[in-house]
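Visitor: Could you take me through one part of this protein in close detail? I would like to see how a single residue sits among its surroundings, and then what those surroundings are made of.

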Amino acid sequence: QKLALYHGNFQNAEILDLRSGMRQPAFESKSIAWSVAWHPDGNLLAGAVGKDVELWNTKTQIRHAVLQGHEDQVVHVRFSHEGDLILTYSWDGQMVLWDTRTHRQVLRDTLSHAIFSADDQTIAGTFGGHPAIFELNHALERSRMVGSDSPESLAPTRGAFDTRSGL
């Protein structure tokens with residue numbers, strides 16, 4: 001078992017092996033300030049870095065990708081249980097769903113503290129203090145969600161999958 005250690009004042013993160021007590025650098029970044037998340041396979045670590053999310057290979061300590069698109073500080077990062085999607089949330093209330101293979105935005109909407117259901121079929125969070133749920137329709141290849149046809153739509157309780165994402 002391993003634990004990722006980080007702090008907004010650090011320039012890098014460490015991985016602590018809970019069995020041996022040994023620490024090793026996870027990656028170097030300009031500032032991991034609010035959130036880190038492990039990919040389910042344990043080989044990839046995501047870290048919120050300002051308005052971006054950096055994905056790092058934990059074995060090679062090489063940056064795998066940078067997810068860019070938030071307009072404010074990212075404060076929440078979470079992988080789906082399968083690891084094919086990642087949810088990010090920023091101070092301005094924007095939730096972005098990313099494809100971890102292509103590193104492209106799939107969905108953008110106003111949703112606070114978003115989480116995946118255990119089967120990755122639903123995203124739940126809050127909007128204006130009220131519960132909000134998005135159902136991800138895997139049977140329709142996740143081509144888009146009910147709502148606007150524009151992936152840029154930010155209307156409450158509406159959203160659209162970017163049809164160019166390949167999902």
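Guide: Let's start with T100, which is buried, since its relative accessible area is 11% and the cut-off for burial is under 20%. Bear in mind that this is a predicted model. T100 lies in the loop that links β10 (94-99) with β11 (105-110). Setting aside neighbours within four places in sequence, its contacts are F79, G83, D84, L85 and I86. The C-alpha atom of T100 also lies 9.7 Å from that of H39, although 61 residues separate the two along the chain.

D84 counts as buried because its relative accessibility is 13%, under the 20% cut-off. Its side chain makes a polar contact of 3.1 Å with the side chain of S80.

G83 comes next. The hairpin of β8 and β9 has five residues between its strands, and G83 has a positive phi near 85° there. The following hairpin, formed by β9 and β10, has three residues between the strands, and in that one G93 takes a positive phi near 90°.

That brings us to β9 itself, the strand that holds L85 and I86. Six of its six residues are buried, so β9 is largely enclosed by the rest of the structure. Both of its faces are covered: one side carries L85, L87 and Y89, the other I86, T88 and S90, and all of them are buried. β9 runs antiparallel to β8, with five bridges joining the two, and it is likewise antiparallel to β10, again through five bridges.

Not counting residues up to four places away in sequence, I86 touches A46, L55, L67, V77, R78, F79, V96, L97, W98 and T100. So what do F79 and I86 belong to? Both are in the largest nonpolar core, which has 14 residues, and they are among the members that touch the most others, along with A46, V53, L55, L67 and V77. β5 (44-49), β6 (52-57), β7 (62-68), β8 (74-79) and β10 each supply at least two residues of this core. A second, separate core of 13 residues includes L85, L87, L97 and F116.

F116 leads us to another sheet strand, where it stands opposite I123 in β13. β12 and β13 (residues 122-127) pair in the antiparallel sense over three bridges. They belong to an open, antiparallel sheet of three strands, ordered β12-β13-β14. Its edge strands, β12 (112-116) and β14 (130-135), each pair on one side only, and the twist from one strand to the next averages 20°.

Stepping back to the whole chain, there are 14 strands and zero helices. Buried residues account for 46% of the 167 residues. Of the contacts between residues at least 6 apart in sequence, 35% join residues at least 24 apart. The chain exposes about 8,800 Å², and carbon and sulfur atoms supply 50% of that area.

Notes: Residues numbered from 1 in each chain as written. Predicted model: local features only at pLDDT ≥ 70, side-chain atom pairs only at ≥ 80, totals over all residues. Heavy atoms only, no water. Helix = DSSP H or I, 4+ residues; strand = E, 2+ residues; numbered from the N terminus. Buried < 20%, exposed > 50% of the residue type's maximum accessible area, 1.4 Å probe, protein only. Contact = heavy atoms within 4.5 Å. Pairing = 2+ DSSP bridges. Axes fitted to C-alpha atoms, helices over the stretch in contact; angles between N-to-C directions. Areas by Shrake-Rupley, 256 points an atom, 1.4 Å probe, with all protein chains shown as cover. Core = buried A, V, L, I, M, F, W, Y, C linked by side-chain atoms within 4.5 Å. Polar contact = N/O pair within 3.5 Å; in protein donor to acceptor, adjacent residues only side chain to side chain.
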